[in-house]
Amino acid sequence: MVAVMEIGGLAKSWGGRPVLRIPQLVLEAGSSYVLSGDNGAGKSTLLRILAGLEPAKVERFAFEGKLLQLGRLPAEVRRLIGFVHQHPYMFNRSTLANVEYGLRLQGVPRHERSRLAHDALTWAGMAEFAGAPAQRLSGGEQQRVALARAKVLSPHVYLLDEPTANLDADGRRRVLELIAQLAAADKVVLIACHDLEMINLPGVVRLHLENGSLEGEGPALRALAGG
Amino acid sequence: MDLLDTTREAFRLLFSGDPTLWGIVWVSIKVSILALILAGPLAVAAGFSLSHVVFPGRRLLVILVQAFQSFPTVVVGLLLYLLLSRQGPLGALQLLFSQPAMVLGQMIIVFPVLAAYTLSAVQGADPRAYETAASLGAGRMRAAMTTLWEVRFAVMAALFMGLGRIISEIGCSLMVGGNIAGLTRNIPTAIALETSKGEFAQGVALGMVLIVLALGVNVALAAVQGQGGMRRAW
């Protein structure tokens, strides 16, 4: 398996109190990871650090074999790391414009941008809401638009923070279907969640955060295991 | 001349297109809009940086910006006068008693107003807006612009507030403009002069224009705030 994201010597403190100490974490292409842990264990913080949104002390960070500074990821690398908040933020514009946002930054021509965004919305089952103001959508709909907004940029890594939290049964089922499709592609999917159904999915690598340390299975923590 | 005659004469001046009166109005509008255009981008950028970038002394700077909102305009005028006077450090520029000096003064007055309101608007913005933009590939500048766009109604309100403050200020314009007819005489300085001469008609006419301008700015402000409020309520 090819390592897509490697992080070594990660330490994060809040007000001098250490909250995360992760000697090694390796995320491999085509693998899905489920990150569990109690509330406040640092799941969201870890995802935000990996997305380059939260400063942390990191000794080594490599993305697709290239050594980089995690706090100063170039825009072209950040685009390859799709991060979706627990409660995704929708820009105050149409649903279509939200999905087009990242493509616009890349300078994708208008016609192509619109086509790709429509395709992504169709994938998420949200095509009929393309012209609707995104901030008016329900929580589940916003979550699906956020997944489409991330997917349209073809990221190599998806970091999903509690994607099914606070969703009703139907919204949760639809979001789970989309995540399953992302995981089936040759991408890295790391999901922070409490959702037992997701934690117990076959084929996922289970990671658990406790007292700031990561415990888990498989090669993800190979240095921890002495590998 | 009694109040009725004065008002009648004021209306006559307004509706006859009196060139002196409308020239004064034009100076006011030109100077204030120019000051707003020149100070606006810098002040909005400063407001955003103060709310978003952590650096030593930021808290002190925030307090200073907020305090300078109510800095007396006549003191701004005095300080600028000292800088621009022939013996002052900027005397060589020969800007004293000119429209550029008035623009400079109004820029100094409006800067903290715009910066403080932008700061407040960005602090009230959802932090996920910046993060979402950044995670979708936006650089710092683009993510900042996206965040400002998300709070555009509050930023526009700040611009209207700033315009309202400078278009009616008299202290600084009088000090560095010198109230020169046809050159630096604007609405507030003209009203003060005409009243001191006992010529009330032009003062009343200009006062009406100022009130209409102030009302216009406030109506625009209310409209902008109303629109923003409606959007937030979704």
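How many residues does the contact take from chain A and from chain B? The contact takes 19 residues from chain A and 15 from chain B; residues are in contact if their C-beta atoms, placed from the backbone, lie within 7 Å.

This is a predicted model, in which local features need pLDDT of at least 70, side-chain atom pairs count only at pLDDT 80 or more, and totals for chains, interfaces and linings use all residues. Residues are numbered from 1 along each chain as its sequence is written, while chains are lettered from A and ligands numbered from 1 in the order in which they are written.

**The side of chain A that touches chain B**

Two elements of chain A give two or more residues to this side: helix H2 (75-78) and helix H3 (95-106). Helices (H or I, at least four residues) and strands (E, at least two) are DSSP runs, numbered from the N terminus. H3(A) gives the most, with four residues. By type, the side of chain A that touches chain B divides into ten nonpolar, five polar and four charged residues. Here Ala, Val, Leu, Ile, Met, Phe, Trp, Tyr, Cys and Pro count as nonpolar, Asp, Glu, Lys and Arg as charged, and the others, Gly among them, as polar.

**Chain A overall**

Chain A holds seven helices and ten strands. Its radius of gyration is 17 Å, close to the 17 Å that the globule rule gives for 227 residues, so chain A is as compact as a globular protein of that length. The radius is taken over C-alpha atoms, and the rule is 2.2 Å times the number of residues to the power 0.38. The C-alpha trace of chain A spans about 50 × 40 × 35 Å along its principal axes. Buried residues make up 45% of the 227 residues in chain A. A residue is buried if 20 or more other C-beta atoms lie within 10 Å of its own, exposed if 12 or fewer, and partly exposed in between. Of the contacts in chain A with a separation of 6 or more, 69% join residues 24 or more positions apart.

Four strands of chain A form an open antiparallel sheet in the order S2-S1-S4-S5. Strands S2 (17-28) and S5 (66-67) are the edges, each pairing on one side only. Strands pair if DSSP finds at least two bridges between them. S1 (3-14) and S2 of chain A pair over ten bridges. A:Ala11 has A:Arg21 in S2(A) as its bridge partner.

Two residues of chain A other than glycine have positive phi.

The largest nonpolar core has 132 residues, of which A:Leu159, A:Leu190, A:Ile191, B:Val110 and B:Leu114 touch the most other members. Such a core is a set of buried Ala, Val, Leu, Ile, Met, Phe, Trp, Tyr and Cys residues joined through C-beta atoms within 7 Å. H5(B) gives the most to this core, with 17 residues. Not counting residues up to four places away in sequence, A:Leu159 touches A:Leu47, A:Leu50, A:Ala51, A:Ile81, A:Gly82, A:Phe83 and A:Leu190.

In chain B, the buried residues of helix H7 (140-150) are B:Ala143, B:Ala144, B:Thr147, B:Leu148 and B:Glu150. Seen down the axis of H7(B), they fall within an arc of 155°, so they line one face of the helix. Helices H2 (19-52), H5 (99-124), H6 (127-135) and H8 (152-167) of chain B are included in what covers them.

Notes:
The arc is that of the directions from the helix axis to the C-beta atoms. Two residues are in contact if their C-beta atoms, placed from the backbone, lie within 7 Å.
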